[in-house]
Amino acid sequence: MKSINEPLGLVTTPGIGRWGQLLVGILCMAMVANLQYGWTLFVTPMNDKFHWGRAAIQIAFSIFVVSETWLVPLEGYLVDRFGPRLVLLIGGILVGISWVTNSMAQSLVVLYFAAAIGGIGAGAVYGTCVGNALKWFPDRRGLAAGLTAMGFGAGSALSIVPIAAMIKSSGYQTTFLYFGIGQGLVLFVLAFLLKRPNYDASDLPRVAASTPAVRARISGGDFTPRQMLMTPVFWVLYAMFVMMAVGGLMATAQLGPIAVDFHIADVPVSLLGLTLPALTFALSLDRILNGITRPVFGWISDQIGRENTMFVAFALEGLGIIMLSAFGRDPVAFVVLTGLVFFAWGEIYSLFPATCGDTYGSRFAAANAGLLYTAKGTAALLVPLTSVLAASGGWGSVFRLSAILNLSAAVMALVLLKPLRSRMRSRALQGGLGVFPADL
């Protein structure tokens with residue numbers, strides 16, 4: 001017997017329901033968060049042991065992000081075609097292999113190979129969970145994408161302190177080994193709970209236009225990836241995503257080296273009743289805020305519109321980076337301002353997928369969101385250059401560049417993206433919700 005999950009035309013077999021699916025996706029995302037957000041803790045110990053140089057080690061981070069992002073469209077296609085379970089199973093295995101290989105790496109070549117394997121695995125998990133959330137929640141895409149992305153942003157918060165402690169007590173290689181095996185096993189088990197929704201074809205129009213608020217956001221029709229690539233809205237979104245991702249990825253990869261160069265990494269900071277070294281405190285607080293912001297801004301965008309929310313968030317990050325450049329050498333200011341930067345940055349992983357789903361429909365949501373997500377990989381190619389820029393012009397030059405990109409993206413949200421999406425929506429409504437994308 002089939003049952004209606006909620007009055008949206010979503011037909012599901014008995015199970016954990018769409019909120020249960022969302023929870024599983026969040027947990028899966030938490031299991032791959034350390035591959036990106038915990039990386040900065042390993043850079044200095046690796047350099048101390050092998051003396052490869054920070055810039056050379058950070059190439060591994062770029063390889064990870066590029067392989068994580070650029071294969072997501074293919075992984076999204078497989079999710080759209082075969083469902084999420086198989087893709088997630090493979091992703092979990094690759095995640096485990098990656099960190100186990102890191103624990104044994106004696107050369108940069110092996111480190112780079114492990115980064116590529118980890119990126120493929122993390123991308124499979126990320127693309128599967130975000131795409132599945134967009135499919136299950138056509139009426140609350142901002143909130144659903146935000147909660148799912150929260151798992152990736154805040155998932156490492158609870159493990160930052162244990163990872164840092166284990167690196168100091170047992171070495172970074174043992175830490176890679178134990179956390180790699182644990183995270184991979186959890187993903188393997190959770191994969192058996194995840195599934196895609198089944199839509200009653202007769203209810204699809206009602207799903208797409210279930211409320212006035214939903215109708216006001218959508219552009220109408222289901223675009224294939226090829227059709228999406230032929231629209232100017234996609235390329236504006238892509239450019240904005242790259243501009244926003246550069247600053248955040250720089251902070252993610254370079255936060256440890258920045259704190260060391262500012263001579264505050266191990267300075268005790270007391271806030272919120274806790275006393276921790278400045279870098280450890282910043283990393284823990286940043287992960288929490290970076291996670292919270294995703295559902296918060298996702299929900300806000302469901303209420304006031306995607307572009308309006310983008311303008312506020314992107315401008316806030318730009319201002320936060322300017323302040324970090326000016327006051328970041330103070331340990332307390334460093335902790336607070338990096339928290340502000342991450343709070344204003346993390347929402348890109350809810351706002352962009354939700355906007356993509358609204359504009360291009362649910363049927364190919366995983367593949368379409370995956371194509372847009374490759375913007376993160378494009379931005380990652382620029383991260384090693386920040387080390388070069390910092391060496392020649394100091395971290396201040398890096399901060400200034402990031403702030404300019406953030407503020408420019410904020411303006412683009414209102415000046416370019418909003419009128420373009422409004423035009424698409426108007427043409428779709430003139431032809432009805434059943435228009436074909438090729439007619440737009």
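Trainee: Is T101 buried or exposed?
Mentor: T101 counts as buried because its relative accessibility is 14%, where buried means under 20% relative accessible area, exposed means over 50%, and partly exposed is in between, all with a 1.4 Å probe and protein chains only. Before we go on, keep in mind that this is a predicted model, in which local features need pLDDT of at least 70 and side-chain atom pairs count only at pLDDT 80 or more, while totals for chains, interfaces and linings use all residues. Residues are numbered from 1 along each chain as its sequence is written, and side-chain values use heavy atoms, with hydrogens and water left out.

Trainee: Okay, so where does T101 lie, and what is T101 in contact with?
Mentor: T101 lies in helix α5, which covers residues 84–104; helices here are DSSP runs of H or I with at least four residues, strands are runs of E with at least two, and both are numbered from the N terminus. If we leave aside neighbours within four places in sequence, T101 is in contact with V110, F113 and A114, a contact being heavy atoms within 4.5 Å.

Trainee: How far apart are the end C-alpha atoms of α6?
Mentor: They are 41 Å apart, and this agrees with the 42 Å that the 29 residues of helix α6, residues 108–136, should span at 1.5 Å a residue. The expected span is worked out as 1.5 Å times one less than the number of residues in the helix.

Trainee: And how many residues of α6 are buried?
Mentor: The count is 23 of the 29 residues, so α6 is largely enclosed by the rest of the structure. Apart from its neighbours within four places in sequence, G121 is in contact with G91, L94 and V95.

Trainee: Switching to T148, which residues does T148 touch?
Mentor: Not counting residues up to four places away in sequence, T148 touches L22, G25, I26, M29, C129, V130 and A133. T148 itself lies in helix α7, residues 141–154, and is buried with a relative accessible area of 1%. T148 and A133 are 15 residues apart in sequence, and their C-alpha atoms are 7.2 Å apart in space.

Trainee: You mentioned a cysteine there, so how many disulfides does the count come to?
Mentor: The count comes to zero disulfides, taking a disulfide as a pair of cysteine sulfur atoms within 2.5 Å. C28, for instance, is in no disulfide, and the nearest cysteine sulfur to C28, that of C129, is 4.5 Å away. C28 counts as buried, with 0% relative accessibility.

Trainee: Now for packing: how do the axes of α14 and α17 cross?
Mentor: The axes of helix α14, residues 278–304, and helix α17, residues 348–360, come within 8 Å and cross at roughly 35°. Axes are lines fitted to C-alpha atoms, for helices over the stretch in contact, and the angles run from 0 to 180 degrees between N-to-C directions. The crossing of α14 and α17 is right-handed; a crossing is left-handed if the near helix is turned anticlockwise from the far one by less than a right angle, and right-handed if clockwise. R294, F297, G298 and S301 of α14 make the contact with Y349, S350 and L351 of α17.

Trainee: What about α17 and α18, where do their axes come within 9 Å and at what angle do they cross?
Mentor: The axes of α17 and helix α18, residues 365–380, come within 9 Å and cross at roughly 145°, and this crossing is right-handed. Y349, F352, C356 and Y360 in α17 meet N368, A369, L372, Y373 and K376 in α18. C356 counts as buried, at 2% relative accessibility.

Trainee: Last topic: what is the phi of H51?
Mentor: H51 has a positive phi of about 55° although it is not a glycine. Most residues other than glycine have a negative phi. H51 is in the loop between α2 (40–50) and α3 (54–70), and it is exposed, with a relative accessible area of 64%. H263 also has a positive phi, near 65°, and lies in the loop between α13 (232–261) and β4 (268–271).

Trainee: And for the whole protein, how many helices and strands?
Mentor: The protein has 20 helices and five strands, and 59% of its 440 residues count as buried.
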